[in-house]
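Here are my notes on this model, point by point. Please read them beside the coordinates.

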Amino acid sequence: MADVQKLVLKTILSLPTPILRALSGGGVVYRGGRTLDPRFQFFANAAKGLPSMTTLSPQEARAGSAKGLLAVSGPPEVGVRNETLTIDGPGGQIPIRAYRPAEQDSSAPLIVFAHFGGGVIGDLETCHAFCGILARVARTAVLSVDYRLAPDHRFPAGLDDVLAAWRWGRDNAARFGAAPGQAAIGGDSMGGNFAAVLAQEAKRAGEAQPAFQLLIYPAVDVASETPSMGVYADSYPLSRPIMEWFMGHYMGPEADPADPRLSPDKTQDLTGLAPAIVITAGFDPLVDQGEAYAKRLIAAGVPTTYRCYDSLAHGFTAFTGAVPAADAACREIAALVRAEIEK
């Protein structure tokens, strides 16, 4: 049944743009100086007839998200093998998945990656396709982390798991054919939050910085308002109400939104952090804060590459099988990572 659904969806999405837009409410979605990709417009229009995530329990949201992402994710990357295992973590065993490309560069650092999901949804399948792309194009091993989720495990449980996984990956990088003792950190959305916080935590602890940090549409400030939160408040798949639903489950009653481990953009001194690649999506309530964080890193002297994919929406790394522009963007991001490795 899933294969049939994918085939039907692929057929619809391959229609000429004018027809696809007509099936998606008609016209062009133009907002904030940006034009939405017609395939994302189709998904946004289709989502209007579905219950909002904010009406679901976290368990229902996880199941629904997993089913939906299965229909839009790309196929496994050719030439990349993977294995799933567990490591010891602060709250028990942490499932991880290691990706290794056939043409691996043994001098490249391992990349530890944390998936999106607001700290509430997501698992190893969420970023499966993207991690394969990242491993193949960047020619290095990638370690995906299935961290604990809220509200069963509120802040900072998921962050602590990613920190533990990064330290384990750094110490065991050679096991995966990567440069011994070298590990970068990356993530998208909440995973990007974890990655940004991790670099800061390493600095606070006096540890060596990650090889670099890859922040894809990161949530770096849960305490402040930005214009994009209003302009793209009703965007798909991340809207302002869904952001609030995530944070309501992720933060405990004692959590301070301005805590730098929740909002890394609140950290005053960003000097000495790892080189950064910061990626944003145009149709995303988070676009302003991602861009602002990149500018702050640059001002602090941190070597930083910034790229915004204006026509794409939040979460595009999971749409590689349905949105050609998303697949192209993911490969370009992986190429930026490769370029960083070669510096």
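1. Which residues form one aromatic cluster? They are Phe40, Phe42, Phe43, Tyr236 and Phe319. Rings of Phe, Tyr and Trp (its six-membered ring) pair if their centres lie within 6.5 Å; planes under 30 degrees apart count as stacked, over 60 as edge-to-face and the rest as tilted.

2. Ground rules. This is a predicted model, where local features need pLDDT of at least 70, side-chain atom pairs count only at pLDDT 80 or more, and totals for chains, interfaces and linings use all residues. Residues are numbered from 1 along each chain as its sequence is written, and side-chain values use heavy atoms, with hydrogens and water left out.

3. Aromatic pairs. A search of the whole structure finds 13 aromatic pairs. The rings of Phe194 and Tyr250 have centres 6.4 Å apart and planes at 45°, so this pair is tilted. Phe194 lies in helix 7 and Tyr250 in helix 9 (residues 240-250), so the pair ties together parts 56 residues apart in sequence. Helices (H or I, at least four residues) and strands (E, at least two) are DSSP runs, numbered from the N terminus. Phe194 and Tyr250 are both buried. Buried means under 20% relative accessible area, exposed over 50%, and partly exposed in between (1.4 Å probe, protein chains only). The rings of Tyr309 and Phe316 have centres 5.7 Å apart and planes at 65°, so that pair is edge-to-face. Tyr309 and Phe316 are buried too.

4. Cores. The largest nonpolar core has 60 residues, and Phe246 and Tyr250 have the most contacts inside it. Helix 7 (residues 190-205) gives the most to this core, with 8 residues. A second, separate core of 50 residues includes Phe43, Cys127, Leu214 and Val337. A nonpolar core is a set of buried Ala, Val, Leu, Ile, Met, Phe, Trp, Tyr and Cys residues joined through side-chain atoms within 4.5 Å.

5. Gln200. This residue is in helix 7. At 2% relative accessibility, Gln200 counts as buried. Not counting residues up to four places away in sequence, Gln200 touches Pro260, Pro264, Thr267, Leu270, Leu273 and Tyr293. Contact means heavy atoms within 4.5 Å.

6. Helix 4. Its 15 residues (58-72) should span 21 Å at 1.5 Å a residue, and the end C-alpha atoms are 21 Å apart, which agrees. The expected span is 1.5 Å times one less than the number of residues. Pro58, Ala61, Ser65, Leu69 and Val72 are buried in helix 4. Seen down the axis, the buried residues of helix 4 fall within an arc of 55°, so they line one face. The arc is that of the directions from the helix axis to the C-beta atoms. Lys67 and Leu70 are exposed on the other side of helix 4.

7. Backbone checks. The peptide bond from Phe155 to Pro156 is cis, with omega near 10°. A cis bond also joins Tyr236 and Pro237, with omega about 0°. Pro156 lies in the loop between strand 6 (142-145) and helix 6 (157-171). Pro237 lies in the loop between helix 8 (227-231) and helix 9. Arg139 is not a glycine, yet has a positive phi of about 60°. Ser189 also has a positive phi, near 60°. Arg139 is partly exposed, with a relative accessible area of 32%, whereas Ser189 counts as buried at 9% relative accessibility.
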